[in-house]
Structures are given as structure tokens and as C-alpha cells.
Amino acid sequence: MTEVMIEARGVSKVFGSVTALDDVSISVPRGTVLGLLGHNGAGKTTLVNVLTTLLKPTSGSASVAGLDVVSHGDQVRGRIGLTGQFASVDENMSGFDNLVLIARLLGATKKQASGRADELLATFDLTEARDRPAKTYSGGMRRRLDLAASLVGRPDVIFLDEPTTGLDPLSRIGLWEIVEGLVGDGTTVLLTTQYLEEADRLADTITVLSKGKVVAAGTAAELKAGVGKRTVSVVLAEPEDAATALNALAKAGLHPVHDKARHSVATPVEKSTDLATVVRALDEVGVEVGELALTEPTLDDVYLAVNSEAPAA
Amino acid sequence: MTTTVQATAATGEVPRRNDLGWRGSSFATQVWVLTQRSLNTFLRDPRMLFFSLLQPLVMLLLFSQVFGGISQLGSMHQWGSYINYLLPSTLVTTAMTSAMSSGVGLLTEMSNGVIARFRSMPVSLFAVLLARSLSDTVRMAIQLVVMLIAAALLFGFTPAGGMLGVAAALLVSLVVGWGLGWLFLAIATWVKKAETMQAVAFLTMFPLMFGSSAYMPVSTMPGWVQVIANVNPLSYAIFASRGLATTIWEANPAYTLIASLAISGVIALVGGLIATRNFRRTN
């Protein structure tokens with residue numbers, strides 16, 4: 001049986017009259033990624049803070065690498081890496097000095113520390129910015145430095161709290177690749193996100209939080225099965241083409257609907273090749289396309305699906 | 001067949017990663033590394049360095065020129081020039097201003113995420129506070145030495161106590177500043193916001209500064225201010241600093257020295273306890 005590296009058992013956290021976490025349980029086996037999905041205020045960061053020893057649970061218990069987060073806090077801190085929502089680096093120091101500082105605090109010698117710092121700067125494509133103060137870094141670079149800082153001791157367990165929030169698409173993909181690389185090395189990752197797409201791409205299992213409660217848990221495929229499909233929507237150049245367009249798409253085996261207000265037709269699709277089908281079907285009947293968009297299901301769709309499945313209370 | 005093989009591969013042993021085994025450094029290393037970090041930040045920022053060294057000089061210039069007429073007062077003749085009276089007390093008030101910026105510095109780091117990083121690491125939070133206190137005391141020493149040199153060269157500061165007396169006055173000011181630093185660190189961990197910190201600091205510093213013998217002999221003040229000045233802990237530090245530098249004691253030397261050092265010690269202890277308690281990792 002695979003070792004459980006992150007575990008929460010019935011964790012609740014109450015701040016005054018606000019229940020931030022309500023009986024939350026999770027279990028993450030070694031070398032896997034758990035995606036913690038939820039909106040702002042769902043309790044994601046609170047759970048991360050409990051698991052990383054920054055907050056004590058009001059009730060319940062949690063452990064990381066088999067060590068209780070309350071009674072063995074310092075040992076837990078020695079085994080984890082945490083990248084929060086806001087870059088936790090010293091802006092006045094260079095990237096190199098930031099990483100050396102952390103390595104030294106972790107117990108590395110000066111030589112080990114500078115070796116490890118340069119290694120990480122190379123991995124994270126920051127070698128050119130090695131000696132520049134971190135305040136001159138772009139948002140993406142800062143996020144990479146922050147992640148590098150969490151990885152200095154090559155920890156077994158990494159917590160990433162909304163690692164891609166506020167990043168441009170290219171930086172986001174770069175960060176995903178880094179996380180995938182870590183997992184390939186056997187690191188256990190807990191990742192929080194507001195994006196279903198991100199959880200789908202990175203996580204082996206997903207736990208959905210809403211108002212401090214676990215409302216759904218399972219693999220990405222299991223969750224997505226209950227969620228709406230991807231949608232292709234076409235804004236028509238000529239609104240009067242709507243009937244022709246709906247006909248053509250229906251003939252192609254799709255199930256289009258008409259959005260009169262936006263002069264568009266939309267259809268759920270299953271495979272990415274269906275996008276080509278839509279374009280071809282419209283082209284064949286001479287319908288001119290104004291705009292074309294493929295939309296992924298969002299966290300809201302998951303919430304909707306979960307709520308519709310929940311028994312009426 | 002194929003399915004069975006794949007299933008076995010999928011449930012196979014996940015490779016164990018080669019953790020570097022760094023589980024945290026000793027307390028002394030933490031304090032040393034963190035102190036160096038704060039000092040480097042200060043020394044590597046030329047603008048910050050320039051202005052923090054300039055500030056006490058401007059204060060000195062303003063006070064010595066604006067209040068220069070005080071030297072006409074009968075009770076001031078014994079000090080020769082006003083600068084001899086003013087400079088030892090400015091050592092103490094500058095140490096206090098510097099101590100206040102220690103609290104502001106901690107707040108800046110609490111808000112920009114640096115402290116958040118340390119909290120998630122196997123680092124003693126007391127080491128973080130101690131390193132700040134130490135590095136800010138070194139910074140304070142640099143400020144005061146620069147001020148002393150400038151005062152001797154530009155303002156004609158020639159106290160009777162000589163080098164030794166001035167060095168002793170510097171030392172007392174540093175101890176007082178170090179103690180007050182813990183007070184402002186405690187305030188910083190309590191208010192948690194830079195704006196509130198400024199307001200609290202203003203309310204703490206100005207009454208202490210002006211309700212003392214820093215700029216005017218206490219005997220020239222209205223009765224109720226005299227009462228305040230005589231219980232103001234800063235007054236003892238100023239009496240001690242001025243006595244050591246000028247050899248003119250306004251109160252019993254042993255008493256003022258012991259009082260100023262003891263008060264600083266108590267403030268450091270209480271401030272340190274409160275700061276450490278407020279700074280705790282979990283709640």
C-alpha cells in the first residue's frame with residue numbers, strides 16, 4: 001500500500017463566528033497531486049495553513065509525512081515546501097541571495113547553499129536574473145523564484161496555494177510543466193486553484209470545497225462526468241443565417257442552441273475534432289462566421305453539477 | 001494480458017525522492033544569517049543608507065540653529081555652547097527614532113511575505129526577532145557614529161568628557177535604543193499595520209522627546225511638564241548621556257546610569273516577551 005503523505009481527519013477551523021473549515025478530510029498518497037478546488041473564501045488557504053502548521057485546527061487532526069502538524073510542527077516545517085498566493089521573497093535581495101538565505105536557514109553550508117541556488121536558478125530559467133534584486137523581476141519570474149525557494153531543501157511534500165493566479169497564459173503553462181516535473185520525481189503535491197482546467201491538467205484527484213465543506217471528491221474524470229461539456233459558440237456575421245446554421249450543425253450530429261441576443265449559435269462538443277466539424281458544417285452551407293470560441297467547463301459548472309446532485313435539504 | 005501488465009505498472013512503487021536532508025540550522029546560525037541579511041539590505045541600498053544617515057544631521061542642524069538662543073539662558077552657560085548640551089540628548093532621541101524604524105521594518109516584512117516564508121520553515125521566530133533587533137542596533141550605531149563625527153567637524157562639538165566620555169554616552173544611547181527597539185517590535189506585532197504603527201509611534205515618541213530635558217533645561221518648563229520630565233525614562237538616559245559626554249551631571253550619576261540601563265533592560269524584556277508571544281506561529 002502506498003504511503004499517505006498528507007492527511008486531514010475531520011479538520012474544522014472556526015474564527016470567532018465564522019466556520020472556515022467544517023469537518024474536512026483528505027488523504028494524498030505519495031507521489032500524487034491533490035487539486036483543492038474552490039472559490040475565494042471556500043477555505044482552501046485555511047486548509048493549507050493548517051497543513052503547513054501556520055494555523056491550529058479547532059478540532060480534528062492532520063499529519064504530513066506521518067508527523068502530526070500540531071505536536072511535531074517544527075519537523076513538519078523541515079519536510080515541506082510552501083508557495084503561497086503572494087510571492088514570499090525578499091524583494092531587495094537578488095534571486096541568488098534569496099535562495100542562499102533559505103538554504104543556509106535549512107542548515108546547508110555556504111558552499112552547498114550557493115551550489116543549490118545556482119542549480120535552482122538554472123532549472124527555473126532565472127540564471128540571467130541571478131544577481132538582480134527580486135523587485136526588478138516580472139510577475140512570472142517572481143512566482144518561479146518563489147517556487148524555487150520552496151524547493152531548496154528538495155522537500156517530499158509541496159503545497160502550492162493558487163500558484164498561477166495572476167499569471168499570463170505562457171507563464172501559467174511554464175509553471176504547470178514545472179509541477180509535472182516535480183511529480184515525475186515522486187514529490188507529493190497539494191495544489192489549490194479556482195480553475196477546473198488547472199486541476200484537471202495537474203491533479204490525480206480533486207476535492208471541491210465550498211464554504212468550508214467538502215462538496216465533491218474524486219478523479220478529474222469522475223468530476224467532469226457530472227459537469228457540462230465544452231461548448232463551441234459561433235457569433236454569426238449575418239444574424240439571419242441562424243436557421244441555416246442550426247440546421248447544418250444538427251445534420252452534422254451536434255445539438256446546437258440559438259442565443260438570439262448575441263446573434264450566436266452554441267453547441268456542446270466532446271472531442272476537440274468537433275471544432276473542425278462545426279467549421280466545416282457552417283462553411284458547406286455558406287454561413288459566414290463572425291467569432292468562434294471553444295469554452296471549457298468552469299468551477300461554476302462543477303458547483304452547479306454538485307448542487308443539482310445534492311439531496312434537497 | 002496487456003491490461004494486467006499496465007495495472008501492475010500503475011500501482012508500482014513510486015520512486016522515493018532524494019530529499020537533501022536539510023532539516024533546519026542551529027539557533028545561532030539562524031540569528032547570524034538573518035542579521036547579516038538585514039544589514040546587507042541596509043548597506044546595499046545607497047538611498048536608504050544616505051537618508052537614514054542624513055536624518056539625524058538635519059535634526060541636529062535644525063535644533064542647534066532654531067534653539068541656538070537657548071545658550072543665552074543663565075543656566076546654559078556651564079555647557080559652553082548649546083551643541084554640547086544638545087548632542088548627547090540627540091544621541092538618545094536618534095536612537096529612539098531608529099528603534100521606531102525597527103518596528104516599521106518588521107511590519108514591512110510581515111506584509112511583503114518575507115516573514116510568511118520563515119513561518120513555513122524550520123526557523124525559530126524568536127531568531128527572526130532577535131536578528132532584527134541586532135541588525136537594527138548595528139545600524140543605529142553607524143547612524144550615531146556618523147552623527148558624532150559630523151557634530152565634531154561641523155558644529156564644533158567639544159565636550160569636556162573627551163573621546164572616552166563620548167564613547168560611554170554612545171554606549172548608553174545604544175542600550176536605551178536597543179531596549180526601545182523591543183518596545184517598538186512589540187507594538188508592531190500588536191498593531192500589525194504600518195499606518196497604525198506610525199500613529200502609535202508618534203504618540204509614544206513626541207511626548208517622550210519633548211517632555212524631557214532633551215532640548216531645554218527642565219527647570220525652565222511649567223510645573224506639570226517638570227513632573228512628566230522627571231518620571232520620563234528618556235530623561236534618565238539623556239541625563240546619563242549628557243553627564244558622561246560633558247562631565248556635568250544634572251542628577252546623581254550612579255542613579256541616572258543605573259536607572260537608564262535598568263529601565264532599558266525591563267523594556268527589552270517585557271517588549272521581547274510581548275513581541276514573541278504576538279509573533280507566535282499558530283493560533
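Which residues touch the most other members of the largest nonpolar core? In this predicted model, where local features need pLDDT of at least 70, side-chain atom pairs count only at pLDDT 80 or more, and totals for chains, interfaces and linings use all residues, side-chain values use heavy atoms, with hydrogens and water left out. Residues are numbered from 1 along each chain as its sequence is written, and chains are lettered from A and ligands numbered from 1 in the order in which they are written.

The residues in question are Ile26(A), Phe159(A) and Phe184(B), in a core of 149 residues. Helix α7 of chain B, residues 162-191, gives the most to this core, with 14 residues. A second, separate core of 13 residues includes Val265(A), Val269(A), Val278(A) and Leu282(A). A nonpolar core is a set of buried Ala, Val, Leu, Ile, Met, Phe, Trp, Tyr and Cys residues joined through side-chain atoms within 4.5 Å, where buried means under 20% relative accessible area (1.4 Å probe, protein chains only). Helices (H or I, at least four residues) and strands (E, at least two) are DSSP runs, numbered from the N terminus.

Leaving aside residues up to four places away in sequence, Phe159(A) has contacts (heavy atoms within 4.5 Å) that include Ile6(A), Val48(A), Val64(A), Ile80(A), Gly81(A) and Leu190(A). Ile80(A) and Gly81(A) are also among the residues closest to the centre of the largest cavity, together with Arg77(A), Leu106(A) and Ser150(A).

That cavity holds about 130 Å³ of space, and the structure has four cavities of 30 Å³ or more. On a 1 Å grid over the protein atoms alone, a cavity is a set of points where a 1.4 Å probe fits but cannot get out, and a pocket is an open set with protein on both sides within 12 Å along at least five of seven lines; lining residues have an atom within 4 Å of a point. Grid points are joined across faces, edges and corners, and a volume is the space filled by probe spheres set on the points. Strand β6(A) gives the most to the lining of the largest cavity, with three residues. The second largest cavity, at about 50 Å³, is lined by residues of both chains, among them Asn98(A), Leu101(A), Arg117(B) and Phe118(B).

Phe42(B), Met48(B), Ser101(B), Gly105(B) and Arg139(B) are the closest to its centre. Here the largest share of the lining, 10 residues, comes from α4(B). Thr97(B) is also placed in helix α4 of chain B, which spans residues 82-111, and Thr97(B) touches Gln55(B) and Met205(B), again without counting residues up to four places away in sequence.

Chain A also has an open sheet of four strands in the order β2-β1-β4-β5, with antiparallel pairing. Two strands pair if DSSP finds at least two bridges between them. The edge strands, each pairing on one side only, are β2 (18-29) and β5 (67-68). Strand β4(A), residues 59-64, pairs with β5(A) over two bridges, and Ser63(A) has Asp68(A) as its bridge partner in β5(A).

Conventions:
Buried < 20%, exposed > 50% of the residue type's maximum accessible area, 1.4 Å probe, protein only.
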